[in-house]
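Please examine the model shown below, then follow the explanation from one part of the chain to the next.

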Amino acid sequence: MTFSKKLVILDRDGVINVDSDAFIKSPDEWIAIPGSLEAIARLNQAGYRVVVASNQSGIGRGLFDMAALNAMHAKMQRAAAAVGGRIDAVFFCPHTADDQCECRKPKPGLLKMIMDRFEIDPSATPVVGDALRDLQAGAVLGFDLHLVLTGKGAKTLAAGGLPEGTKVHEDLKHFALDYLAERDE
Ligand SMILES: [Mg+2]
Ligand SMILES: [Zn+2]
């Protein structure tokens with residue numbers, strides 16, 4: 001059976017939208033990074049489905065509830081659609097570190113769920129994040145790793161210790177340009 005397994009997995013905060021140490025708790029606080037939604041649209045046009053894998057411990061901490069998270073994601077989808085983009089699914093971990101779950105990155109649980117759901121080959125699937133834990137989660141399963149320098153990305157790069165083979169891009173826009181150009185897409 002052959003069908004498109006072209007998929008890109010994105011962290012959310014610091015990759016698609018502006019991050020905050022005080023958490024993104026409401027749709028009003030959800031602000032797209034310039035060019036990120038256009039990058040998603042460009043990936044879609046090249047035949048890639050885009051999904052999000054995001055730690056959202058603000059839920060477990062009681063900083064916001066599921067209704068607020070759903071409202072943020074509705075805003076994200078509307079904003080993406082306004083520039084011709086689409087996010088196929090949002091996988092999130094609502095737990096705190098104390099919960100010791102299997103889905104909070106750097107644990108690979110969210111990415112494993114995506115792998116199984118979309119039946120993809122991790123070595124041919126990019127994971128894009130701004131934090132070391134995004135890359136560590138991907139490294140466990142052999143994903144193609146990409147760091148963007150938005151959000152926590154510049155600090156992450158400066159701290160060093162990136163998993164072997166991690167590629168670095170200025171932002172999501174440049175990830176999309178670089179990734180598609182390498183493949184003549
Ligand atoms: Mg992030
Ligand atoms: Zn979890």
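Ser57 has a relative accessible area of 5% and is therefore buried, since residues under 20% are counted as buried. In this predicted model, Ser57 belongs to helix α2, which covers residues 57-60. Which residues does Ser57 contact, once its neighbours within four places in sequence are left aside? They are Phe23, Cys93, Pro94, His95, Thr96 and Arg104.

In soluble globular proteins, nonpolar side chains tend to be buried together. The largest nonpolar core here has 29 residues, and of these Leu10, Ile16, Leu172 and Phe175 touch the most other members. The elements that contribute two or more residues to this core are β1, α1, β2 (49-55), α3 (66-82) and α7 (172-182). Another core, of 21 residues, lies apart from the largest one, and Cys93, Ile114, Phe118 and Leu135 are among its members.

Phe175 deserves a separate look. Apart from its neighbours within four places in sequence, Phe175 is in contact with Val8, Leu43, Pro126, Val128, His146, Val148 and His169.

With β2, β1 pairs in the parallel sense over 4 bridges, and Val8 stands opposite Val50 in β2. Between these two strands the chain passes through α1, and this β-α-β crossover is right-handed. With strand β4 (residues 126-129), β1 likewise pairs in the parallel sense, over 2 bridges. In this pairing Leu10 stands opposite Val128 in β4. Val128 is also one of the residues that Phe175 contacts.

The partner of Asp11 is Lys105, and the closest N and O atoms are 3.1 Å apart. This pair links distant parts of the chain, as the two residues are 94 residues apart. Asp11 lies in the loop between β1 (7-10) and α1 (36-45), while Lys105 lies in the loop between β3 (89-93) and α4 (109-118). Is this pair buried or exposed? Both Asp11 and Lys105 are buried.

How many salt bridges are counted in the model? The count comes to 11. Another of them joins the side chains of Lys107 and Glu102, with N and O 3.7 Å apart. Lys107 has a relative accessible area of 34% and is therefore partly exposed, a value between the cut-offs of 20% and 50%. Glu102 reaches 52% relative accessibility, so Glu102 counts as exposed, the cut-off being over 50%.

A further salt bridge joins the side chains of Asp116 and Lys112, at 3.0 Å from N to O. Both residues lie in helix α4, 4 residues apart, which is about one turn of the helix. Asp116 is partly exposed, with a relative accessible area of 45%, and Lys112 is also partly exposed, at 37% relative accessibility. Salt bridges that share partners join Asp11, Lys105 and Asp134 into one network.

The last stop is Gly142, in the loop between α5 (132-141) and β5 (144-148). Gly142 is partly exposed because its relative accessibility is 37%, which falls between 20% and 50%. When residues up to four places away in sequence are not counted, Gly142 touches Pro122 and Ser123. The C-alpha atoms of Gly142 and Ala124 are separated by 9.1 Å, and these two residues are 18 residues apart along the chain.

Methods. Residues numbered from 1 in each chain as written. Chains lettered and ligands numbered in written order. Predicted model: local features only at pLDDT ≥ 70, side-chain atom pairs only at ≥ 80, totals over all residues. Heavy atoms only, no water. Salt bridge = Lys/Arg side-chain N within 4 Å of Asp/Glu carboxyl O. Buried < 20%, exposed > 50% of the residue type's maximum accessible area, 1.4 Å probe, protein only. Contact = heavy atoms within 4.5 Å. Core = buried A, V, L, I, M, F, W, Y, C linked by side-chain atoms within 4.5 Å. Pairing = 2+ DSSP bridges. Right-handed = clockwise from strand over helix to strand, strands pointing away.
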